[in-house]
Amino acid sequence: MNTAVDTRSRTGEGVTTGYRPDGRTGLPAVDVQRKLFTTRFKADKGSHLAIKDPEVCRDCEAKPCLYFCPAEVYKWEEGRITIAFEGCLECGTCRIGCPFGNIDWRYPRGGFGVQYKFG
Amino acid sequence: MPEKFDVIVVGAGPAGITAAYCLAREGLKVILIERGEQPGTKNVMGGVLYRQMLDEIIPGFWKQAPLERHVIDQQWWVLSEDSALKVGQRTAVHDREPYNAFTVLRAKFDRWYAAQAVKQGALLITETVVTRLLRDTSGRVIGVETDRPDGQLLANAVIVSEGANTLVLEASGLRARPRADTMAVAVKEVISLPREVIENRFQLQGDQGAVIEFFGDSTLGMVGNAFIYTNRESLSVGLGAMISDFQRRRVRPHELLERFKQHPVVAPLVAGGEPKEYMAHMIPEGGYEAMPPLYGDGFLVCGDAAGMVIAVHREGSNLAITSGRLAAETVVEAARAGDFSARRLAAYREKLQASYVLQDLRQYRHTTPVIEKIPQFLGVYPSLVNRALQEFLTVDGVPKKVKEKKILRMILKERPVTALIGDAWRAWRAFI
């Protein structure tokens, strides 16, 4: 496999990695950029995603968007959520998964965004 | 004055293309609106396409469509951390024309299928996002708004086949945002391998194909599963689980996928392959109870947008195709009567009820909620059954009677008798 993998397991800090209570089941760390590199994008100038109210993210303890997004579009940097919309796979998971419905989610303009070759 | 059509179809996936194809064939003026550069560039599925539903519409389509392999071998592997219990069938019956199912890559397939609708006379507009439905003062749907300048279009009926992301339905007040425990997210990689390697590894000849579904450890017990499907010169390798599970468990879908590919029984199947594309898509798995209204004054809803997925049977595109056909039939009848009211379009629901679509969705209406409520189905039993089998298959001089007792103790330690009975009852209720 070309995908960079190291076997550090992400345990501790309240992060459950397996269903086993002993937490033995580790998850490999994955460089999602290397995965996204195989996917074709036609990025628009502006973002099709936006945080409605940054205060809500600040108060959100779980911040599940940092985990469930398959493209790791969302990062927590210097006290706010940043959005790497260029690598968005347009699945819509964040719109459904944000516990506060705090993501303003539109499709990219017609013709822009992800361009699957195989699908 | 915006241009007026008989019918506007929102989204060129299996449901929308089918509807546009059937409407155009009957001579209606139909426009198919797609947001991608081409039909298919935004579309993802596992991808197994069942033949029968499309064969009814385009007889012999499988002789000309860009398909990958016809499926002769279907397997279900129950994974623990280190083992797999394998169940499946390889049948010569599915090796015979006209075949049962095919593996497909949607970017190629949808483009071909949309071209067939265009040949029938449908007007295809790409790179255009439909943002909402237009209604008149009585609330009747009379057209759509798009992201193009002067982007309003009018029609007697709108078929909403926008897929799993129901933005148009929501923006038009026809449904609320779906809940996280009714939607799954799936990630997939297309991994290229030489033809001969695939055929040797999966014991296939020519265009024969194999599909494997994986349960248990592949999703760390979350409600969902992983899969490997053989294409001609690649494998589709992916997994999906409920968004609510990803929320709770703080697991990254792509990390789970990588872990799956490293599983000792999976790694040899994907070894040496080169990832060609990485993708993600949502699947509406809420079933019957989570479906939006299927019709109203001037509109009908088809496919994923209507929640027409039977996850336990890996069915979705077939329901989409059938619903697209039935929506088209309903609209053709409505056009003859000159009546596009909800009362007339209710015939669509009746047709779905008379078909497998709503009958199957109804039968499996408890499946997702019940499995979600019982995490041990995918979280405990897969590991337990593998440990029991390991114990039984390990020949180590321990008498069989002693082994049987050990296995029984192991099972009862995880699930007491009452819990086992309860689980069995709920499993029965979930599927039957």
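User: Why is B:Gly221 counted as buried?

Analyst: In this predicted model, B:Gly221 has a relative accessibility of 11%, and since buried means under 20%, the residue counts as buried. B:Gly221 is found in the loop between β12 and β13 (224-230) of chain B, and its C-alpha is 28 Å from that of B:Ala306, a residue 85 positions away in sequence.

User: What makes the pair B:Phe214 and B:Phe260 edge-to-face?

Analyst: The centres of B:Phe214 and B:Phe260 are 4.9 Å apart and the planes are at 70 degrees; because edge-to-face requires planes over 60 degrees apart, the pair falls in that class. B:Phe214 lies in strand β12 (residues 208-216) of chain B, whereas B:Phe260 lies in helix α7 (residues 253-262) of chain B, so the pair ties together parts that are 46 residues apart in sequence. Both B:Phe214 and B:Phe260 are buried.

User: How do you know that A:Cys91 is in no disulfide?

Analyst: The search of the whole structure finds 0 disulfides over all chains. The cysteine sulfur nearest to that of A:Cys91 belongs to A:Cys69 and is 6.2 Å away, and because a disulfide needs two sulfur atoms within 2.5 Å, A:Cys91 is in no disulfide. With 8% relative accessibility, A:Cys91 counts as buried.

User: And how do you know that B:Cys22 is in no disulfide?

Analyst: For B:Cys22 the nearest cysteine sulfur is that of B:Cys302, at 10 Å, and the limit is again 2.5 Å, so B:Cys22 is in no disulfide. B:Cys22 counts as buried, its relative accessibility being 7%.

User: Why do B:Arg69 and B:Glu199 count as a salt bridge?

Analyst: The side chains of B:Arg69 and B:Glu199 meet at 2.8 Å, N to O, and because the rule asks for a nitrogen and a carboxyl oxygen within 4 Å, the pair counts as a salt bridge. The pair links distant parts of the chain, with B:Arg69 in the loop between α2 (51-55) and β4 (70-79) of chain B and B:Glu199 in helix α5 (residues 195-201) of chain B, 130 residues apart. B:Arg69 is buried, and so is B:Glu199. By this rule the count comes to 44 salt bridges over all chains.

User: How are B:Arg325 and B:Glu329 placed in helix α9?

Analyst: B:Arg325 and B:Glu329 are 4 residues apart in helix α9 (residues 317-337) of chain B, and are therefore separated by about one helical turn. Their side chains meet in a salt bridge at 2.9 Å, N to O, and both residues belong to a network of salt bridges that links B:Glu56, B:Arg325, B:Glu329, B:Glu333 and B:Lys351.

User: Why is B:Lys401 called exposed, whereas B:Glu404 is called partly exposed?

Analyst: B:Lys401 has a relative accessible area of 59%, and because exposed means over 50%, B:Lys401 is exposed. B:Glu404 has a relative accessible area of 39%, which lies between the limits of 20% and 50%, so B:Glu404 is partly exposed. The side chains of B:Lys401 and B:Glu404 meet in a salt bridge at 3.6 Å, N to O.

Conventions
Residues numbered from 1 in each chain as written. Chains lettered and ligands numbered in written order. Predicted model: local features only at pLDDT ≥ 70, side-chain atom pairs only at ≥ 80, totals over all residues. Heavy atoms only, no water. Phe/Tyr/Trp six-rings, centres within 6.5 Å; stacked < 30°, edge-to-face > 60°. Helix = DSSP H or I, 4+ residues; strand = E, 2+ residues; numbered from the N terminus. Buried < 20%, exposed > 50% of the residue type's maximum accessible area, 1.4 Å probe, protein only.
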